[in-house]
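Here is a quick walk through one protein chain, from single residues out to the overall build. Have the structure open while you read.

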Amino acid sequence: MTETGNRGPLQIAYLVKKLSDISYSQIGRTVIQKMTYLLSREGLTNYSFALYHYGPYSGRVSSDLDLISMSGIVDVKWQGDKGYFISPNQKGIQIAKELSSAEKEQIDKIVETYHEFNAVELSLIATAYYVIDKYNVTNDEELVTVVTSLKPQYAGRVNRVLRDAKIIPLPNN
């Protein structure tokens with residue numbers, strides 16, 4: 001199912017299962033992209049990300065999600081104006097068992113840390129980390145300003161979400 005060395009599809013399948021196990025409100029493509037970005041920051045995945053409209057995005061994450069959907073490992077359904085709903089199925093639950101305990105622990109940790117945030121909030125969090133990582137922002141005010149400029153439609157939420165996610169205050173601030 002996966003090319004040699006590409007653990008991404010298995011990791012995504014397990015991520016979907018974990019989010020489903022905790023009854024995450026809506027597991028959609030944005031949630032998978034942002035959670036996978038957060039996993040990449042921990043060194044678990046080897047995806048490359050670029051900044052897009054909803055924050056860090058990887059074409060390979062999207063392709064791997066399509067692959068596991070077409071392979072019957074997860075179900076991806078579009079529901080009109082509500083968006084995508086992704087759920088595990090029995091095949092996905094079985095395949096996810098192929099992950100090492102270390103991989104599962106890292107995914108569990110990310111899910112535990114960020115499960116209370118919705119897709120928009122995860123987008124703000126992932127964008128903030130992307131800005132920190134790529135542009136070496138070390139000041140809270142500058143970080144909030146940059147994220148707000150990238151996501152002006154959420155200007156009123158940026159500061160609160162970054163504080164709730166414990167991104168700010170930044171160390172050495």
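## D75 and its contacts

Leaving aside its neighbours within four places in sequence, D75 is in contact with F85, I86, S87 and N89. This is a predicted model, so keep that in mind for everything below. D75 sits in strand 3, which covers residues 74-79. With a relative accessibility of 29%, D75 counts as partly exposed, since that class runs between 20% and 50%.

Take N89 from that contact list: 14 residues separate D75 and N89 in sequence, while their C-alpha atoms are 6.8 Å apart in space.

## Q33 in helix 2

Now hop over to helix 2, where you'll find Q33.

Setting aside neighbours within four places in sequence, the residues in contact with Q33 are F49, P56, Y57, S58, V61 and S62. Two of these names, F49 and Y57, come back in the ring pairs: F49 pairs with Y37, and Y57 pairs with Y52.

## Aromatic pairs

How many aromatic pairs does the structure hold? There are 5. In one of them, the ring centres of Y37 and F49 are 5.1 Å apart and the planes meet at 80°, so this pair is edge-to-face. It ties together distant parts of the chain: Y37 belongs to helix 2 (residues 29-41), F49 to the loop between helix 2 and strand 1 (50-52), and the two are 12 residues apart. Y37 and F49 are both buried.

Y52 and Y57 make a tilted pair, because their planes are at 50°, with ring centres 5.2 Å apart. Y52 is exposed, at 52% relative accessible area, whereas Y57 is partly exposed at 32%.

S23 isn't a glycine, yet it has a positive phi of about 60°. S23 lies in the loop between helix 1 (8-21) and helix 2, and it counts as exposed at 61% relative accessibility. N136 is another non-glycine residue with a positive phi, near 55°. You'll find N136 in the loop between helix 6 (119-135) and helix 7 (140-150), and N136 is exposed, with a relative accessible area of 61%.

The remaining spot is a cis peptide bond between I168 and P169, with omega at about 5°. P169 is in the segment after helix 8 (158-164).

## The whole chain

Stepping back, the protein chain has 8 helices and 4 strands, in the order α-α-β-β-α-β-β-α-α-α-α-α along the sequence. Its radius of gyration is 16 Å, close to the 16 Å that the globule rule gives for 173 residues, so the chain is as compact as a globular protein of that length. Along its principal axes, the C-alpha trace spans about 45 × 35 × 25 Å.

Of the 173 residues, 46% count as buried. Among contacts with a separation of 6 or more, 63% come from residues 24 or more positions apart. The accessible surface of the chain is about 8,800 Å², and carbon and sulfur atoms account for 48% of it. As for charge, there are 19 positive and 19 negative side chains, with the centres of the two sets 3 Å apart.

Definitions and conventions
Residues are numbered from 1 along each chain as its sequence is written. This is a predicted model: local features need pLDDT of at least 70, side-chain atom pairs count only at pLDDT 80 or more; totals for chains, interfaces and linings use all residues. Side-chain values use heavy atoms; hydrogens and water are left out. The radius of gyration is taken over C-alpha atoms; the globule rule is 2.2 Å times the number of residues to the power 0.38. Buried means under 20% relative accessible area, exposed over 50%, partly exposed in between (1.4 Å probe, protein chains only). Contact means heavy atoms within 4.5 Å. Accessible areas come from the Shrake-Rupley method with a 1.4 Å probe; for residues, only the protein chains shown count as cover. Lys and Arg count as positive and Asp and Glu as negative; His and the chain ends are not counted. The place of a charge is taken as NZ of Lys, CZ of Arg, CG of Asp or CD of Glu. Rings of Phe, Tyr and Trp (its six-membered ring) pair if their centres lie within 6.5 Å; planes under 30 degrees apart count as stacked, over 60 as edge-to-face and the rest as tilted.
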